[in-house]
Amino acid sequence: QLFPNFYRSTCPNVESIVRQAVTRKIQQTFVTVPATLRLFFHDCFVEGCDGSVLISSPRGDAEKDAPDNLSLAGDGFDTVIKAKQAVEAQCPGVVSCADILTIAARDVVALSGGPNFQVELGRRDGRISFRWRVTGNLPGPTFSVNLLNWIFRKNNLTQTDMIALSGAHTVGFSHCTRFANRLYSFNSTHRTDPSLNPTYARQLMQACPRNVNPLVAINMDPTTPNSFDNAYFKNLVNGEGLFTSDQGLFTSFQSRATVNAFASNQASFFSAFSAAMVRLGRTGVKTGRQGEIRRDCSAFN
Ligand code: HEM
Ligand SMILES: [Ca+2]
Ligand SMILES: [Ca+2]
């Protein structure tokens, strides 16, 4: 099984090597932070945390080619590749890409103002990565709390884990196309989603006019986009959740108390987020003699 000191004898400095590579990468661009964090999530929810999302296929049929993954920013992949290179230079062939991504995801949180926490290691890299196997395994921005609970439950995560992990939207970007329906075509009685704070709705319409270029993206946290903090939950209380899936956490009775707790106490969010990341990291892992230790994170051995 997984445990914190897995590489104690085979690569004792792995965590400091990755931390250094991630630090350097963040100095080049802050996008590294949200990109790496989201990459970890999308890896774990498809085939488990096994680096399957990192595979490139010349045929365009790997996980990263799935519609839900096309918006994964390249800087997340680049972070893993750079960290892997640094690790291979000291301990060739022993640390999995899945573990490097796990450490890097923890590090981007810690280096952007969030909690630092211990991660479990010992994952092996998977040998399966297909575009079609992504379908239905990732949550969508229009999901209700019930649907979110269902898809997180499938991965052994509780509602509290789901709410805490959603707090990752305290950093990073979204393309206008992912929430335009809430601005211009919500339902037959309301053109604009009534759960949106009207001032925020106007700002969003300004940033994302109708038929805007689909490449345009905006900050998901309008208050502190470059800091990992509990502003996401304060925003939800103010009607400033970007997606239906975000705002629903506050509008639904079943999840509102937790949102209020995280909004009023950053320490409780940080400890719930850390615990949820560790549990997310256990999803469908391969250990022992399963899978492989990839040499190149973007290709099977
Ligand atoms: C609860 C269900 C979730 C839904 C419906 C969801 C949906 C989305 C969507 C639609 C985007 C915007 C993509 C784009 O247009 O570029 C996004 C971005 C992002 N998501 Fe989530 N997400 C969820 C949970 C999570 C979790 C659990 C994490 C990590 C722990 C996460 C981390 C991120 C990050 C960091 C970004 C910004 C990426 C960037 O700037 O490159 N999300 N998410
Ligand atoms: Ca995976
Ligand atoms: Ca923030």
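This is a predicted model: local features need pLDDT of at least 70, side-chain atom pairs count only at pLDDT 80 or more; totals for chains, interfaces and linings use all residues.
View 1. The domain assignment divides the protein into domain 1, which covers residues 14-138, and domain 2, which covers residues 145-277. The C-alpha centres of domain 1 and domain 2 lie 23 Å apart, and the contact takes 14 residues from domain 1 and 14 residues from domain 2. On the side of domain 1 that touches domain 2, the helices α2 and α4 (97-110) each supply at least two residues, and the largest share, four residues, comes from α2. Sorted by class, the residues on this side of domain 1 are eight nonpolar, four polar and two charged.

**View 2. The surroundings of ligand 1.** Ligand 1 is surrounded by 25 residues, of which the closest are P34, S71, L165, A168 and G172. The elements that give two or more residues to this shell are α2 (32-44), α6 and β1 (173-175), and the largest share, five residues, comes from α2. When the residues of the shell around ligand 1 are divided by class, 15 are nonpolar, eight are polar and two are charged. Because domain 1 (14-138) and domain 2 (145-277) both give residues to the shell, ligand 1 lies between them.

**View 3. The packing of helix α3 against helix α4.** The axes of α3, which spans residues 74-90, and α4 come within 10 Å and cross at roughly 115°. An angle of 65 to 115 degrees counts as roughly perpendicular, and α3 and α4 are therefore roughly perpendicular to each other. The crossing in which α3 passes α4 is right-handed. On the α3 side the contact is made by T79, V80, A83, K84 and V87, while α4 contributes C97, I100, L101 and A104. By class, this contact of α3 with α4 has seven nonpolar residues, one polar residue and one charged residue.

**View 4. The packing of helix α6 against helix α11.** The axes of α6 (residues 159-166) and α11 (residues 253-264) come within 10 Å of each other and cross at roughly 55°. With this angle between them, α6 and α11 are therefore oblique to each other, and their crossing is right-handed. Here Q159, T160 and I163 in α6 meet S255, T258 and V259 in α11. The contact of α6 with α11 has two nonpolar and four polar residues, and it has no charged residues.

**View 5. The packing of helix α6 against helix α12.** Helix α6 also packs with α12, which spans residues 266-280, at an angle of about 105° and with the two axes 8 Å apart. That angle makes α6 roughly perpendicular to α12. The contact is made by T160, D161, A164 and L165 of α6, together with F269, A272, F273, A276, R279 and L280 of α12. By class, the contact of α6 with α12 has seven nonpolar residues, one polar residue and two charged residues.

Terms used
Residues are numbered from 1 along each chain as its sequence is written. Chains are lettered from A and ligands numbered from 1 in the order in which they are written. Axes are lines fitted to C-alpha atoms, for helices over the stretch in contact, and angles run from 0 to 180 degrees between N-to-C directions. Angles under 35 degrees count as roughly parallel, over 145 as roughly antiparallel, 65 to 115 as roughly perpendicular and the rest as oblique. A crossing is left-handed if the near helix is turned anticlockwise from the far one by less than a right angle, and right-handed if clockwise. Two residues are in contact if their C-beta atoms, placed from the backbone, lie within 7 Å. Ala, Val, Leu, Ile, Met, Phe, Trp, Tyr, Cys and Pro count as nonpolar, Asp, Glu, Lys and Arg as charged, and the others, Gly among them, as polar. A residue is near a molecule or strand if its C-beta atom, placed from the backbone, lies within 6 Å of it. Domain bounds come from an automatic or database domain assignment.
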